[in-house]
Amino acid sequence: MGVDLRQVVAGILTITMFVMLIHMIKRDHFDSVVQDKFVGATDSKFEGSDVRKNIGLWKGDVTDKPKPCWAKPSGDDVELTEGFVVFSLTNGPEYHMSQITDAVIVARSLGATLVIPDIRGSQPGDKRNFEDIYDVDMFKKSMEGVVRVVKDLPDNISKKKVAAVKVPNRVTEDYIVTHVQPIYRSKGNIRLATYFPSVNMRKEGGNGDSDSIACLAMYGSLELQPEIKDLVDLMVERLRTLSRKSDGQFIAVDLRVEMLDKKGCQGGGNGKKEKSCYNAVEIAKFLRKIGFQKDTTIYVTESRWDSTLDSLKDLFPKTYTKEAIIPADKKTKLEGSQDSELEKVIDFYISSESDVFVAAISGLLYANVAGKRIGNGKTQILVPSDIQGSSASVSNFLSPYISNKNHFAYSCFC
């Protein structure tokens, strides 16, 4: 029996088209699964949600970690003097960054030797060594060629005879020459204290050498000592483990009840003036309206669970304070702490490492966490607002430090 060649060709084409159709179906199914996994934070069952419009919830505008672009200044052009600059670190890491930066700038300008600071807590007489929190060897190495560093004042210099000098945060060369240098020349040694007339970490006009020193001191001199760093890393990893449904991603919210009380934020706002803080109820509504789902993991900076946080946990059951996620063998150290220094360190560094940071309280923690995050390429920093409608785009609430790229850290990283 003869074979019709046209039938054979038609059969081959039919089989080929059928195989292609099967592959197309498989490909569509695979792509849809990958897309759902990539989005992570969205839930198409949530009323009014759209998977595609929530893609930006977890990601900022930086894909690669930026690199430091400051030039380490040379010590050749500094006239060395015999005096010392003494200072202390107070009020937590967000203040430490600014205090150490001002001290380094002042010491270099004066040609003085910088004495490694102690760390003082909120209670009188509560004092610890620099190396209890920070890596002292790393600090010394970072200062090589910038300023001379010693551990203590020489024995022949009485601490009582060291002149006290106050300088404003982000002290300028003009201020040092006018207000600090005459006292230093007269007394020989000074004890420096930074005060904060305002919280402003915006970029200013280029100050050349001073900006390079400020960048180095603020972002390249302070690292946690190994034991403290390991503790923070374990807590971050714990939060990521609790966040499996969002691909290990979590939110940190600076929400301290005591600060909210001081700022008068526990009640509802009057809506007439710009707010400087938001309470747990407002944060919970804000996060839901911009698209975060019920199973999102949230870390709050409040030390112990407070009943005012219940409204946040009602909408986001996976909301935790540090006491809930700290390793069991470290919990006694946290509970036995006589001050909140360790707690402040944990809060600052978890807020710097989270995938999203929400600044419920304006202030220096927000400003300096923003700087750390910019340097780490973690630019998803949100400033809350009272959203009138049922939903809004997350891009509308990016910190102005990020949307305008006007944080000082943008002068330091590229």
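Reader: If lining residues are those with an atom within 4 Å of a grid point of the pocket, which of them lie nearest the centre of the second largest pocket?
Author: In this predicted model, Leu 222, Glu 223, Glu 353, Lys 372 and Asn 376 lie nearest the centre of that pocket, whose lining comprises 21 residues.

Reader: And its volume?
Author: The second largest pocket holds about 510 Å³ of space.

Reader: Which helix gives the largest share of that lining?
Author: H13 does, with four residues. Helix H6 (226-241), H12 and H13 each supply at least two residues.

Reader: Turning to the largest pocket, how many charged residues are in its lining?
Author: Ten are charged, alongside seven nonpolar and six polar residues. The lining has 23 residues in total, and Glu 94, Arg 256, Glu 258, Met 259 and Lys 344 lie nearest the centre. The volume of the largest pocket is about 640 Å³.

Reader: Which helices supply at least two residues each there?
Author: Helix H2 (93-110), helix H7 (257-263), helix H12 (341-353) and H13 do. The largest share, four residues, comes from H7.

Reader: Why is the largest pocket said to lie between the domains?
Author: Domain 1 (84-220) and domain 2 (226-412) both contribute residues to its lining, so the largest pocket lies between them.

Reader: A change of topic: how many aromatic pairs does the structure hold?
Author: It holds nine aromatic pairs. In one of them, Tyr 366 and Tyr 401 have ring centres 5.4 Å apart and planes at 45°.

Reader: Are Tyr 366 and Tyr 401 buried or exposed?
Author: Both Tyr 366 and Tyr 401 are buried.

Reader: Which residues form an aromatic cluster?
Author: Trp 70, Tyr 219 and Phe 413 form one.

Reader: Lastly, over which rings does the charged end of Lys 313 sit?
Author: The charged end of Lys 313 sits over the ring of Trp 305, 5.2 Å from its centre. The charged end of Lys 313 also sits over the ring of Tyr 320, at 5.4 Å from the centre of that ring.

Technical notes. Residues are numbered from 1 along each chain as its sequence is written. This is a predicted model: local features need pLDDT of at least 70, side-chain atom pairs count only at pLDDT 80 or more; totals for chains, interfaces and linings use all residues. Side-chain values use heavy atoms; hydrogens and water are left out. Rings of Phe, Tyr and Trp (its six-membered ring) pair if their centres lie within 6.5 Å; planes under 30 degrees apart count as stacked, over 60 as edge-to-face and the rest as tilted. Buried means under 20% relative accessible area, exposed over 50%, partly exposed in between (1.4 Å probe, protein chains only). A charge sits over a ring if NZ of Lys or CZ of Arg is within 6 Å of the ring centre and within 35 degrees of the ring normal. On a 1 Å grid over the protein atoms alone, a cavity is a set of points where a 1.4 Å probe fits but cannot get out, and a pocket is an open set with protein on both sides within 12 Å along at least five of seven lines; lining residues have an atom within 4 Å of a point. Grid points are joined across faces, edges and corners, and a volume is the space filled by probe spheres set on the points. Ala, Val, Leu, Ile, Met, Phe, Trp, Tyr, Cys and Pro count as nonpolar, Asp, Glu, Lys and Arg as charged, and the others, Gly among them, as polar. Domain bounds come from an automatic or database domain assignment.
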